[in-house]
Amino acid sequence: MRSILTALAASTIMSGAAFADGHALSGDMRIISDMSNPAPRAVMEGLVAQFGEMHPGLNIELEIVDRDGWKGQIRNALTSNPPDVINWYAANRMGPYVNAGLFEDVSDIWGDIEGLDAVKGALTIDDKQWGVPYTYYQWGIYYREDIFAELGIEEPATFEEEMANCQVILDSGRKCYAIGTKFLWTAGGWFDYLNMRTNGFDFHMQLARGEVEWTDDRVRETFANWRKLIDMGAFIDDHQNYSWQEALPFMTGGDATAYLIGNFAVASLRDAGLTDEQIDFYQFPTIADVPQGEDAPIDTFHIPSGADNKEAAREFLKFVTTADVQTAINAGDKLGQLPVNAASSVDDDEFLNQGFEMLTTNATGGIAQFFDRDFPAEMAAAGMEGLQEFMVFPDNLDDILGRLEQTRARVYK
Amino acid sequence: MVNAPAVPDTQPPVETRSWYRRNEIAITPWLFLAPGLLFFAAYVIIPIFQSFQVSFYAWDGLGDLQESGTFIGMGNYQELVSDRNFNISLWNNLKWLLLYLLAIPMGLGIALFLNQTVTGIRLYKSLFFFPFVISQVVVGLVFSWFYLPDVGLLSIMLSWIGIDGVNVLGSPNTATYGIIAAGLWPQTAYCMILYLTGLNAVDPEQIEAARLDGAKGPKMLWYVIIPQLKPATFIAFVVTIIGALRSFDLISIMTNGGPFGSTRVLSFYMFEKALAEFGFRMGYGAAIAVVLFVIMLFFIAYFLWSMYQDEKGAR
């Protein structure tokens, strides 16, 4: 008996040693994650536990910080005593840190992993890659299916149908759209879609890169379309007082029938007691005859350039981009979002399936990262403030566009 | 082998005291002050000068100032002059300064009202103390619910008298006043506490004498009580001015600077430009901080001057 145990122990040790030979990860690894909501937090803790089992020689320390707080803390974290792995976002949002040399160039990892080609652009600056994606999610119009059925209206495909629907909804004493613009970014979503549908994805990106003036007639046309909805009274009143969560009760209570938001809102709608029969999702309707672009922001992992254990950090980044891990962490009961790796599979969830379908087959224009990630930080801040003002006082448009043009002239020097 | 003197030493050498021993009286206070001075220098004085320095640069706050920043001289200040958001912040700061001073007379009024011997007065006093005890964050939250359109207590009460659709925090014309009103609540309580203490120190003999001379009501208050409350008034003035200038938490909680940036003050605007989510203009933020510092310096100089005058008078 004893000999069997000894043999077993010996073989385990040997296999362990063989395993460690290939990877030989040891020492400490510090991770700071902003996945602070309950479900993402559990995912992150699960990832670390799993990675720790694969590399027993590694001592992993995980620190989870508040998602909104992290936006202010990241600078300090990157400059003084940087950890080995952090969470952040793609596109322009990582620009300042990349340009300041605070993010590690991880182009070498991109050579090793497969299935991420579709999003490579969002993580590329100066032809190098600066992080890896772990999840993304679609945006679209989430609506009350039961109220639509009651009023006898259907998912619209064009803006005319959208407005006709909205008139029916308004006549029934409800508002068409819930929105909370206190923290500004929700208004950015409406602008993204209206602009991408009015002028196309490429024009939207030109605007984001500062190549088009804000006072351009095409931009004015976007606002004119927006104004049609505002003048109808389509949006809930006093939306500048609410956060996006505070505006949700308008939809769950049936006072507003739809919400242009990301897929992360589904969990809150379900928590508020709506069943999947009561909520549904449709792609933002077409306006002009342009290929449809979609917002689908990517969340990412990065290695600070001052990290101590970059070898372990690189292994971790490879680990979270593998198809299996991405399938697992994005499942409906985990993050409830879409995996980025093309080889992974989407969880069988009504909204994830619809979103995945939409992004793979019907986003012919291209995939945007969202207003505050596509536009440079300062332009985004000034822009979203102007968008909020436009939604409350549409008559101020000339003044707002003049100010945004001034900001553009300074930001893109 | 020790070379000891053969005869006893009749003249033992004077025990030389150490340098520290000799200067003990002069040095000890500085030793006690040293930690305080050190921290004051490291966290207050030096950063002030660093702000001045940073304000001459275009710098995103990442990396080293000398390497990643560009010297632009007075460029940031020139931009401030034409920056409309800066003007809004400056005006709002002025509104805060003026309206916040209302806390002083209101605090005095409540203190006079509470300065009586009636059964249960301790309970009333503690009720008036209450807003001073709770955190600014809670005050901000409570007031933003109070102001909520349609469902807030304020709009319910206004609807009783036929006024509908008031959205205090959602309108750029009223939002700042709404926040100041919320701030006045704890600030008034603070001034009241100061005056209650001051009233305890009012000389009963002078009151008696004034009463014999026929003074009462407003005259008694103006000519006898208030002059004796001068130290309390001074402190109330100091804390109220400082409180108004550093207003930040209420704005951040109640409106986040909105709607459309209409409730910003200098400190909040500085935070937005230099440190917040989309703030990558450390130099510009530093320039705003310098302006705020100059405004504060004006008051600080006045405070120091009047304290100096007091000291001279006391001698």
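This is a predicted model: local features need pLDDT of at least 70, side-chain atom pairs count only at pLDDT 80 or more; totals for chains, interfaces and linings use all residues.
View 1. B:Leu31, by contrast, lies 33 residues from B:Asp64 in sequence and 35 Å from B:Asp64 in space, C-alpha to C-alpha.

**View 2. A nonpolar patch on the surface that includes B:Phe40.** B:Leu38, B:Phe39, B:Phe40, B:Tyr43, B:Val44, B:Ile45, B:Ile46 and B:Phe49 form this patch, and together they have about 870 Å² of accessible area. One of these residues, B:Phe40, is found in helix 2 (residues 24-54) of chain B, where B:Phe40 counts as partly exposed because its relative accessibility, 45%, falls between the 20% and 50% limits.

**View 3. Strand 10 of chain A and its pairing with strand 7 of chain A.** Strand 7 (residues 139-144) and strand 10 of chain A run antiparallel and are joined by four bridges, with A:Arg144 standing opposite A:Ile279 of strand 10. Within strand 10 (residues 279-282), A:Ile279 and A:Phe281 point one way while A:Asp280 and A:Tyr282 point the other way, and all of these residues are buried.

View 4. A:Lys318 is partly exposed, with a relative accessible area of 23%. Over all chains, the structure holds 36 salt bridges.

**View 5. A salt bridge between chains, formed by B:Arg84 and A:Asp399.** The side chains of B:Arg84 and A:Asp399 meet at 2.9 Å, N to O, and the pair crosses from helix 5 (residues 84-100) of chain B to helix 18 (residues 397-411) of chain A. B:Arg84 is partly exposed at a relative accessible area of 38%, and A:Asp399 also counts as partly exposed, with 36% relative accessibility.

**View 6. The salt bridge between B:Arg281 and B:Glu79.** The side chains of B:Arg281 and B:Glu79 meet at 2.9 Å, N to O. B:Arg281 lies in the loop between helix 15 (266-274) and helix 16 (282-314) of chain B, whereas B:Glu79 lies in helix 4 (residues 75-82) of chain B, so the pair ties together parts that are 202 residues apart in sequence. B:Arg281 is buried, with a relative accessible area of 15%.

**View 7. A network of salt bridges with members from chain A and chain B.** The residues linked in this network are A:Asp68, A:Lys71, A:Arg93, A:Asp372 and B:Glu277.

**View 8. A:Ser243 in a loop of chain A.** A:Ser243 is placed in the loop between helix 10 (217-232) and helix 11 (244-252) of chain A. The residue counts as buried because its relative accessibility of 9% is under the 20% limit. Not counting residues up to four places away in sequence, A:Ser243 touches A:Gly180, A:Lys182 and A:Phe183.

Terms used: Residues are numbered from 1 along each chain as its sequence is written. Chains are lettered from A and ligands numbered from 1 in the order in which they are written. Side-chain values use heavy atoms; hydrogens and water are left out. Patches are made of residues with over 30% relative accessible area and no salt bridge: like charges are joined within 9 Å, nonpolar side chains (Val, Leu, Ile, Met, Phe, Trp, Tyr) within 5 Å. Accessible areas come from the Shrake-Rupley method with a 1.4 Å probe; for residues, only the protein chains shown count as cover. A salt bridge is a side-chain nitrogen of Lys or Arg within 4 Å of a carboxyl oxygen of Asp or Glu. Helices (H or I, at least four residues) and strands (E, at least two) are DSSP runs, numbered from the N terminus. Buried means under 20% relative accessible area, exposed over 50%, partly exposed in between (1.4 Å probe, protein chains only). Two strands pair if DSSP finds at least two bridges between them. Contact means heavy atoms within 4.5 Å.
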